[in-house]
Amino acid sequence: MRLIERLEHFLRANGITAYAFEHACGLSNGYLAKQLRGRGSVGSDIIEKIKYNYPELSIVWLFTGKGQMEIPPQPTGQESIYVELREEQALFYTAKDDVIALLKKQIVQYESSLAEKDKIIRLLENRSLLRR
């Protein structure tokens, strides 16, 4: 199925007429019919207009046909705040874990560096003792 056919499927499933779609996206009358006949292509500017006017439409589905056709509505009000907090916490914990892993690597590097310095110091001390 082509992108334009998936778009037509979305419009039919939501009871949106070609005229209403074209008007909402600022497209010329007959644009959808022309695309369905295969004369032209849907440009990125049109995709942006579709996404702006139909945020519930999954662009991934529109391009690939994979996944859900519609994105679940975003929570509003108090529920929205909780969702944002959970997402922020997840990012924080992920970032925290990344920082901890990086610090552990640095500790290992520093310990290795210190061990090398200790070897060099002992070697130099042994040489200076031998020279006396």
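Among contacts in this protein between residues at least 6 apart in sequence, 49% join residues at least 24 apart; contact here means heavy atoms within 4.5 Å. Before going on, a word on what we are looking at. This is a predicted model, in which local features need pLDDT of at least 70 and side-chain atom pairs count only at pLDDT 80 or more, while totals for chains, interfaces and linings use all residues. Residues are numbered from 1 along each chain as its sequence is written, and side-chain values use heavy atoms, with hydrogens and water left out.

The overall layout, then. There are six helices and zero strands, so that the order from the N terminus reads α-α-α-α-α-α. Helices (H or I, at least four residues) and strands (E, at least two) are DSSP runs, numbered from the N terminus. The protein has 132 residues, and 18% of them count as buried, meaning under 20% relative accessible area, with exposed over 50% and partly exposed in between, for a 1.4 Å probe and protein chains only.

The axes of α2 (residues 18–25) and α4 (residues 44–53) come within 9 Å and cross at roughly 105 degrees. The two helices are therefore roughly perpendicular to each other, a label that covers 65 to 115 degrees. On the α2 side the contact is made by F21, A24 and C25, and on the α4 side by K49, I50 and N53.

Now the aromatic residues. How many aromatic pairs does the structure hold? It holds two; rings of Phe, Tyr and Trp (its six-membered ring) pair if their centres lie within 6.5 Å, and planes under 30 degrees apart count as stacked, over 60 as edge-to-face and the rest as tilted. One of them is F10 with Y54, an edge-to-face pair at 5.9 Å centre to centre with 80 degrees between the planes. F10 lies in helix α1 (residues 3–13) and Y54 in the loop between α4 and α5, so the pair ties together parts that are 44 residues apart in sequence. Both F10 and Y54 are buried.

Last, a serine. S58 sits in the loop between α4 and α5 (59–64). Is S58 buried or exposed? S58 is buried, with a relative accessible area of 11%. Leaving aside neighbours within four places in sequence, S58 is in contact with Q68, M69, E70 and I71.

Note on methods
Axes are lines fitted to C-alpha atoms, for helices over the stretch in contact, and angles run from 0 to 180 degrees between N-to-C directions. Angles under 35 degrees count as roughly parallel, over 145 as roughly antiparallel, 65 to 115 as roughly perpendicular and the rest as oblique.
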